[in-house]
Amino acid sequence: MDQTIHTELLHPALISKEVNDEQIVNMFLATYDRSKYTERNYRSAINQFRHFIGQKTLREVTWREIEVYKIGLMKGFFSKSGKPQSPASVASRIAPLRSLYKWGSDPNIGIFKHNPTTSVRIPKIPVNSKNHYLTKSEVAQLLIQLKKQGTRDYLIGLTLILLGLRVSELVSIRWKDFHTDPAGISIWLTVAKGKGGKQREVKVPQMLWKKLTEYKLSQEPVKENQLLFPLTTRHVERIIQTAREQSSLKKHATPHWLRHTNATLALLQGASLQQVQEHLGHTQINTTQRYLHTVEQIKKAAPDYVEDCLGDLLS
């Protein structure tokens with residue numbers, strides 16, 4: 001956020017006069033320690049709602065406007081294609097409004113007299129990502145194509161698969177974020193701003209670190225504060241999309257699929273649920289347990305036990 005906004009927020013006059021909607025949104029976003037991508041998405045969602053309410057101010061909004069807006073999202077009235085939006089897309093548009101009004105209606109903030117979102121229900125989001133992973137052979141297939149595209153693209157894919165990062169976390173990595181453990185044995189990556197602004201430490205496999213170091217040495221003199229991959233999230237998505245299409249993968253693999261793949265393979269190889277939770281930066285263990293259900297089905301499903309019981313009869 002630029003210096004003029006910070007100065008505006010700190011100006012004593014704001015305490016005694018009513019702030020406008022633009023100032024309210026800036027104040028709200030300034031108080032949340034989120035990644036720049038989350039801040040951008042929050043601002044976009046709030047501005048879309050402000051456009052919907054027209055001349056009304058954020059203070060004048062009731063649950064009715066938010067409910068009508070939600071229904072409009074579900075029916076596709078605000079999408080370019082005119083197609084109904086998925087429950088997840090609707091939730092991603094309503095969640096920033098909930099956060100805004102929850103923050104502003106806090107007695108210590110006092111911007112809004114009430115929170116109009118408390119009675120608005122977000123559509124239930126189905127868990128449809130349980131099969132969004134690549135097999136070992138499919139990972140090899142994708143990596144072979146990424147290597148053909150160039151060293152950078154190959155390292156992007158390898159880093160996503162081995163570290164299980166979100167794409168926003170990947171493009172935020174700086175060389176200075178890598179460090180050794182106290183014993184100087186292992187290399188770790190500090191993910192400074194994960195989801196919700198949380199920080200975590202991710203262990204970097206030696207093979208990956210060796211390749212990253214070689215890549216660094218092949219570049220022009222690199223400063224520690226430089227980004228590892230100075231790209232946008234959309235650029236990374238296109239890199240994976242190109243590799244997927246060129247390698248003729250039947251699955252619709254995306255960068256986030258590689259995160260699912262990381263979790264699934266880790267559990268299959270014996271990692272504990274808690275290890276994977278900390279590694280991926282999940283706040284709730286329930287989120288990680290979704291992968292466990294997939295792994296249990298892969299290892300041995302109910303029909304396998306029946307076959308074991310009736311093995312003699314079937315042979």
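Which element of the chain has the lowest mean pLDDT, and which the highest?

View 1. The lowest mean pLDDT among the elements belongs to helix 2 (residues 13–16), at 41, and the highest to helix 11, at 95. Residues 3–16 have pLDDT below 50, and in the model this stretch makes 13 contacts beyond near neighbours in sequence. Where pLDDT is low, the predicted coordinates should not be read in detail. For the chain as a whole, the mean pLDDT is 83, with 80% of the residues at 70 or more.

**View 2. The start of helix 3.** Here we look at helix 3 (residues 21–31). Asn20 caps the N-terminal end of this helix, with a side-chain oxygen 3.2 Å from the backbone nitrogen of Glu22. The buried residues of helix 3 are Asp21, Gln23, Ile24, Val25, Asn26, Phe28 and Leu29.

**View 3. The largest nonpolar core.** In soluble globular proteins, nonpolar side chains tend to be buried together. The largest such core in this model has 39 residues, and the members that touch the most others are Ile156, Leu170, Phe178, Leu189, Leu212, Phe229 and Val236. Both helices and strands give two or more residues to this core, among them helix 7 (136–149), helix 10 (206–218), helix 12 (255–268) and strand 3 (200–204). Helix 8 gives the most, with seven residues. A second, separate core has 23 residues, including Ile53, Val61, Trp103 and Ile111.

**View 4. Around Phe178.** Zoom in on Phe178, one of the core residues that touch the most other members. Leaving out neighbours within four places in sequence, what is Phe178 in contact with? Its partners are Ile173, Ile187, Trp188, Leu189, Val204, Trp209, Leu212 and Leu228.

View 5. Strands of a sheet pair through backbone hydrogen bonds, either parallel or antiparallel. This open sheet runs in the order 1-2-3, and its pairing is antiparallel. Strand 1 (178–180) and strand 3 are the edge strands, each pairing on one side only. On average, neighbouring strands are turned by 35 degrees against each other, direction ignored. Strand 2 is largely enclosed by the rest of the structure, because four of its five residues are buried.

**View 6. Strand pairs, one by one.** Strand 1 meets strand 2 over three antiparallel bridges, and Thr180 has Ile187 of strand 2 as its bridge partner. Six residues sit between the two strands in this hairpin, where Gly184 takes a positive phi near 70 degrees.

**View 7. Glu169, buried or exposed?** You'll find Glu169 in helix 9. Its relative accessibility is 3%, so Glu169 counts as buried. The side chain of Glu169 has a polar contact with the side chain of Arg166, at 2.6 Å.

**View 8. Ser248 in its loop.** This residue lies in the loop between helix 11 and helix 12. With 57% relative accessibility, Ser248 counts as exposed. Most residues other than glycine have a negative phi. Ser248 isn't a glycine, yet its phi is positive, near 60 degrees.

Definitions and conventions. Residues are numbered from 1 along each chain as its sequence is written. Side-chain values use heavy atoms; hydrogens and water are left out. A nonpolar core is a set of buried Ala, Val, Leu, Ile, Met, Phe, Trp, Tyr and Cys residues joined through side-chain atoms within 4.5 Å. Buried means under 20% relative accessible area, exposed over 50%, partly exposed in between (1.4 Å probe, protein chains only). Contact means heavy atoms within 4.5 Å. Two strands pair if DSSP finds at least two bridges between them. Axes are lines fitted to C-alpha atoms, for helices over the stretch in contact, and angles run from 0 to 180 degrees between N-to-C directions. A polar contact is a pair of N or O atoms within 3.5 Å; within protein, one must be able to donate a hydrogen and the other to accept it, and residues adjacent in sequence count only if both atoms are side-chain atoms. pLDDT is the predictor's confidence in each residue, from 0 to 100.
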